[in-house]
Protein chains: 2
Amino acid sequence: MQETLQRNGIVPLHAQIAEALRIQIQNDEFKEKEHLPSERELAERYLVSRMTVRQALQKLRLEGLIYHERGVGTFVNNRKIDVHTRNLNGFSEEMLSLGLKPSSRVLTLQRELATDDVMENLRLGAGAEVIHLERLRLADGEAMAFEQTFLPAYLFPKLEEFDLTKNSLYQVLTENYDLEMHHAEEILEAKAATRFVAKQLGIRAGAPVLVVHRVVFSESNQPIESAHTTYRADRYRATFYLSKNT
Amino acid sequence: MQETLQRNGIVPLHAQIAEALRIQIQNDEFKEKEHLPSERELAERYLVSRMTVRQALQKLRLEGLIYHERGVGTFVNNRKIDVHTRNLNGFSEEMLSLGLKPSSRVLTLQRELATDDVMENLRLGAGAEVIHLERLRLADGEAMAFEQTFLPAYLFPKLEEFDLTKNSLYQVLTENYDLEMHHAEEILEAKAATRFVAKQLGIRAGAPVLVVHRVVFSESNQPIESAHTTYRADRYRATFYLSKNT
DNA sequence: AATTAGAAGTGGACTAGACCACTAATTTGT
DNA sequence: ACAAATTAGTGGTCTAGTCCACTTCTAATT
């Protein structure tokens with residue numbers, strides 16, 4: 001009955017157990033009884049202490065995969081629809097997960113002095129330089145959004161040398177610079193398309209567009225990126241998932 | 001040096017410690033050294049085991065108040081701007097937190113057969129009844145949003161008897177029915193105002209509006225409420241907070 | 001003076017137990 | 001046959017440690 005875990009490995013036991021359970025949940029292996037084995041049983045099965053099992057289960061609970069009922073047991077969350085929700089990924093990753101082929105047309109890529117609002121978003125001092133990237137974002141070859149991105153220049157030297165037409169910006173940043181995106185703040189508003197944006201997106205001026213202002217932070221709360229993305233309202237909806245995280 | 005915790009009380013020790021630390025963080029008591037006492041020191045100070053301290057700290061970490069650095073210490077997250085972010089609260093709570101006085105004009109409140117999309121959102125069977133609530137939402141007396149809410153009728157008998165003009169719907173639901181809102185799914189899109197909605201909100205037809213489709217769930221993933229809210233784009237922006245929760 | 005090795009301190013992981021509050025099924029008493 | 005009390009099982013909390021990987025500062029060595 002004992003399962004095989006990589007002992008003394010790099011991956012913690014609780015993470016391995018969580019992953020194993022995650023797969024079993026995905027395969028509907030708890031469907032009949034619809035509840036997981038008890039914590040004590042899992043501890044025995046994996047030859048670990050109960051606290052370690054609880055750590056694994058808590059991870060799954062935070063992911064929304066399971067929930068506990070005191071005095072009863074642990075249950076699988078049977079959400080059928082696994083809708084695409086907005087997360088920390090960028091445009092490329094989002095389109096890929098929707099089954100669309102993302103591409104970009106770079107309109108601007110230059111270093112410049114930060115404007116006041118960008119300075120505030122990125123918490124830079126006066127006179128600080130930023131990298132200004134302006135792109136038209138395409139999905140399956142069709143214009144989907146117009147995006148303006150600002151990055152602190154001192155964090156990303158020689159960014160200009162990368163091909164941002166095909167590659168995801170986020171991929172370039174994480175692979176070439178030692179930075180991890182940890183959380184983000186987004187402000188969404190509806191607006192009427194300006195003539196310039198309307199022309200870029202191939203819609204009529206005054207048509208509704210969805211504007212997303214985003215600031216991405218590292219774990220130590222340092223701003224990494226500030227972006228304004230204008231989506232065609234007839235092609236794009238933003239989906240969010242809200243939860244009482246405790 | 002020892003602190004006073006309510007032993008053998010209803011509130012767990014880790015929750016009490018978390019609350020105590022939360023207050024100290026709010027009061028900037030760790031500002032000078034900018035890092036919290038070590039886990040071992042906190043354990044000694046509160047006369048609990050280190051695991052209990054770690055449980056308290058993890059709670060604060062999930063709330064985004066602190067972060068850990070392996071081998072170094074635990075630090076306070078110095079986010080100055082504590083922007084209002086969209087959470088599980090309803091319109092009333094959101095407006096109150098913005099310093100505005102919410103009120104409502106009830107346009108419709110009746111039981112009716114669920115339409116197809118409402119049935120799907122609330123996961124009801126064919127022929128199920130829902131409570132349909134249509135309200136104009138005001139902030140400081142001015143029209144801010146037009147909201148259509150659908151609730152499974154069998155969950156909320158006699159809902160019609162409550163005064164929804166002044167009271168928050170969420171408050172009525174949680175106080176009078178044994179249900180806890182746990183998480184929600186929101187879809188946001190930009191649209192042009194229809195003539196009807198434009199008249200209600202006092203804007204011109206065709207002006208951009210922000211439409212929020214929301215489904216609220218209990219912890220066991222049962223749909224409790226489905227709502228469509230149409231906000232004036234010139235008065236309202238939606239703010240979200242995204243994080244890699246692990 | 002610069003480098004290196006070590007010590008001290010940190011959070012991360014984990015153990016092997018314990019007691020509690022709660023639920024649900026079972027047994028017992030009427 | 002019904003109701004009440006018992007019991008087994010569950011997750012929630014907590015203890016008092018251990019060992020590890022990592023960072024930082026210090027002291028010894030070159």
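Two residues count as in contact if their C-beta atoms, placed from the backbone, lie within 7 Å. By that rule, the contact between the chains takes 39 residues from chain A and 38 residues from chain B. This is a predicted model, in which local features need pLDDT of at least 70, side-chain atom pairs count only at pLDDT 80 or more, and totals for chains, interfaces and linings use all residues. Residues are numbered from 1 along each chain as its sequence is written, while chains are lettered from A and ligands numbered from 1 in the order in which they are written.

Helices (H or I, at least four residues) and strands (E, at least two) are DSSP runs, numbered from the N terminus. On the side of chain A that touches chain B, α3, β6 (183–192), β7 (208–217) and β9 (238–243) of chain A each supply at least two residues. The largest share, ten residues, comes from β6(A). This side of chain A divides into 17 nonpolar, twelve polar and ten charged residues. Here Ala, Val, Leu, Ile, Met, Phe, Trp, Tyr, Cys and Pro count as nonpolar, Asp, Glu, Lys and Arg as charged, and the others, Gly among them, as polar.

Copies are superposed by least squares on the C-alpha atoms of residues with pLDDT of at least 70 in both. A rotation of 180° with 0.0 Å of shift along its axis places chain A on chain B, with an RMSD of 0.1 Å. That is the relation of a two-fold axis. The same surface serves both copies, as 97% of the contact residues of chain A recur in chain B.

Two strands pair if DSSP finds at least two bridges between them.

| Strands | Bridges |
|---|---|
| β9(A) and β6(B) | six |
| β6(A) and β7(A) | ten |
| β7(A) and β8(A) | nine |

Within chain A, Leu188(A) stands opposite Val212(A) in β7(A), and the bridge partner of His213(A) in β8(A) is His228(A). Nine of the ten residues of β7(A) are buried (20 or more other C-beta atoms within 10 Å of their own, C-beta atoms being placed from the backbone), so β7(A) is largely enclosed by the rest of the structure.

Of the 21 residues around DNA strand C, Leu13(A), Val48(A), Met51(A), Gly71(A) and Ser38(B) come nearest. By class, this surface has six nonpolar, nine polar and six charged residues.

Note on methods: A residue is near a molecule or strand if its C-beta atom, placed from the backbone, lies within 6 Å of it. A residue is buried if 20 or more other C-beta atoms lie within 10 Å of its own, exposed if 12 or fewer, and partly exposed in between; C-beta atoms are placed from the backbone.
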